[in-house]
Amino acid sequence: MTTRELNASGVTDPPLRAAYTECRRLNARHGRTYFLATRLLPLDRRSAVHALYGFARRADDIVDDTHSTSPAERAAALNALEAQWHRALRGERVTEPAVAAAAHTRARLDIAPRHFEDFLRSMRRDLFVREYATYADLHDYMHGSAAVIGLQMVPVLGTVVPREQAEPYAAALGVAFQLTNFLRDVGEDLDRGRVYLPGDLLAASGVDRELLRWSRLTGSRDRRITEALRAAAALTHEVYREAEPGIDMLEPVSAPCVRTAFVLYREILAAIEEEGYAVVHRRAVVGARRRASIALPGLAGALAARAGRRIRHRRPAARVSSVPPTGTTATSGRQEHVTRDAR
């Protein structure tokens with residue numbers, strides 16, 4: 001499947017093909033929900049998604065390696081990644097596969113460089129910022145860590161409206177996905193010394209870092225924590241509602257993929273709620289059978305959209321008669337026949 005994806009994307013350079021293949025491996029291994037949704041895209045669009053995911057994953061892995069590296073080592077590694085990124089933007093060869101593939105995708109699809117700069121800026125915050133006092137502070141961080149991922153994806157997915165009209169919804173969906181991850185990973189983030197849930201939301205229920213640490217270390221539950229997590233889930237549902245109209249703005253061959261990701265990520269929220277907001281102690285997961293059952297309708301929609309695209313591609317161009325339509329003249333009634341393919 002990797003070879004077919006690369007061939008469909010027109011990637012022929014052997015080192016570049018190897019870089020894309022590595023990004024696909026990262027997506028398959030770490031982004032199970034994301035990877036499953038990606039499989040619903042046409043072959044020629046999947047490699048770009050793998051490249052963007054791979055770059056984000058590589059930076060995220062650097063800043064999250066708090067157990068085996070020092071802060072100075074993580075900062076140096078992120079600096080090295082960013083230096084390679086700037087070299088790749090200048091067209092130079094780089095050794096980091098995720099950088100090579102992402103830079104190639106950026107150039108091929110004309111993705112704004114500022115989205116990657118904003119992303120790296122937020123990743124740098126993870127080296128020293130351990131909590132966010134307000135939701136506004138957290139949202140500023142999430143612009144770079146999540147919203148820009150949605151913005152990077154818009155040129156990959158394509159739109160049936162002007163791109164700028166779809167972008168706010170894509171940014172909101174990236175934020176919704178990240179808020180879901182923050183809820184799911186509360187316990188693991190605590191182990192890294194981080195609290196991503198905003199301080200003002202926690203304080204409204206009487207929760208602080210010390211209470212969360214006590215709950216994590218002892219395995220004990222506290223109604224105040226449950227109340228705060230419920231409020232965070234409600235906030236996340238609100239962002240999903242804000243983002244959802246953007247799915248219908250995507251090209252028909254891409255919309256089933258994003259719709260499936262949308263439903264799968266909301267299923268994580270549902271699992272958190274069903275398990276009584278126990279995320280301080282264990283990560284909520286959506287079972288493989290459930291994920292597959294959600295993906296099937298998306299697959300059906302994707303196949304139908306691809307079939308429609310193939311039919312439109314095969315449709316012969318309409319012949320333009322040399323005789324002007326009734327009620328027009330040859331000079332004033334000239335017709336232009338334009339076919340639009342919303343792929």
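# Salt bridges, core and helices in a predicted model

The structure holds 23 salt bridges. The model is a predicted one. Side chains of opposite charge can pair when their charged atoms come close.

One of these pairs joins Arg93 and Asp13, whose side chains meet at 3.1 Å, N to O. The pair links distant parts of the chain, 80 residues apart: Arg93 sits in the loop between helix 5 and helix 6, and Asp13 in the loop between helix 1 (2-9) and helix 2 (14-30). Arg93 counts as exposed, because its relative accessibility is 62%. Asp13 has a relative accessible area of 25%, so Asp13 is partly exposed.

Another salt bridge is found between the side chains of Arg209 and Glu131, at 2.9 Å, N to O. Here too distant parts of the chain are linked, with Arg209 in helix 12 and Glu131 in the loop between helix 7 and helix 8, 78 residues apart. Arg209 is partly exposed, with a relative accessible area of 21%, and Glu131 also counts as partly exposed, at 48% relative accessibility.

The pair of Asp61 and Arg57 is a local one: both residues lie in helix 4, 4 residues apart, about one turn of the helix. Their side chains meet in a salt bridge of 3.0 Å, N to O. Asp61 is partly exposed at a relative accessible area of 28%, and Arg57 is partly exposed at 21%. Salt bridges can also form a network, as they do among Arg184, Asp185, Glu188 and Arg283.

Which charged residue is buried yet has no salt bridge? Arg106 is such a residue; the nearest side chain of opposite charge, that of Asp110, is 4.7 Å away. Arg106 lies in helix 6 (residues 97-109). Leaving aside residues up to four places away in sequence, Arg106 touches Trp85, Leu89, Ile111, Pro113 and Phe116.

Phe116 also belongs to the buried residues of helix 7, which are His115, Phe116, Asp118, Phe119, Leu120, Ser122 and Met123. The cover over these residues includes helix 4 (43-64), helix 5 (71-89), helix 6 and helix 8 (135-157). Helix 7 covers residues 113-125, and at 1.5 Å a residue its 13 residues should span 18 Å; the end C-alpha atoms are 19 Å apart, which agrees.

The next topic is the nonpolar core. In soluble globular proteins, nonpolar side chains tend to be buried together. The largest nonpolar core has 93 residues, of which Phe55, Leu78 and Leu229 touch the most other members. Beyond residues up to four places away in sequence, Leu78 touches Ala59, Ile62, Val63, Leu120, Met123, Arg124 and Leu127. Leu120 and Met123 are among the buried residues of helix 7.

How many disulfides does a search of the whole structure find? The search finds 0. Cys23 is buried, with a relative accessible area of 0%, and Cys257 is buried at 7%.

The last stop is a loop. Gly206 lies between helix 11 (199-203) and helix 12 (209-218), in the loop that joins them. Gly206 has a relative accessible area of 40%, so this residue is partly exposed. Not counting residues up to four places away in sequence, Gly206 touches Leu211 and Arg224. Gly206 and Glu227 are 21 residues apart in sequence, and their C-alpha atoms are 9.3 Å apart in space.

How values were computed. Residues are numbered from 1 along each chain as its sequence is written. This is a predicted model: local features need pLDDT of at least 70, side-chain atom pairs count only at pLDDT 80 or more; totals for chains, interfaces and linings use all residues. Side-chain values use heavy atoms; hydrogens and water are left out. Helices (H or I, at least four residues) and strands (E, at least two) are DSSP runs, numbered from the N terminus. Buried means under 20% relative accessible area, exposed over 50%, partly exposed in between (1.4 Å probe, protein chains only). Lys and Arg count as positive and Asp and Glu as negative; His and the chain ends are not counted. A salt bridge is a side-chain nitrogen of Lys or Arg within 4 Å of a carboxyl oxygen of Asp or Glu. Contact means heavy atoms within 4.5 Å. A disulfide is a pair of cysteine sulfur atoms within 2.5 Å. A nonpolar core is a set of buried Ala, Val, Leu, Ile, Met, Phe, Trp, Tyr and Cys residues joined through side-chain atoms within 4.5 Å. The expected span of a helix is 1.5 Å times one less than its number of residues.
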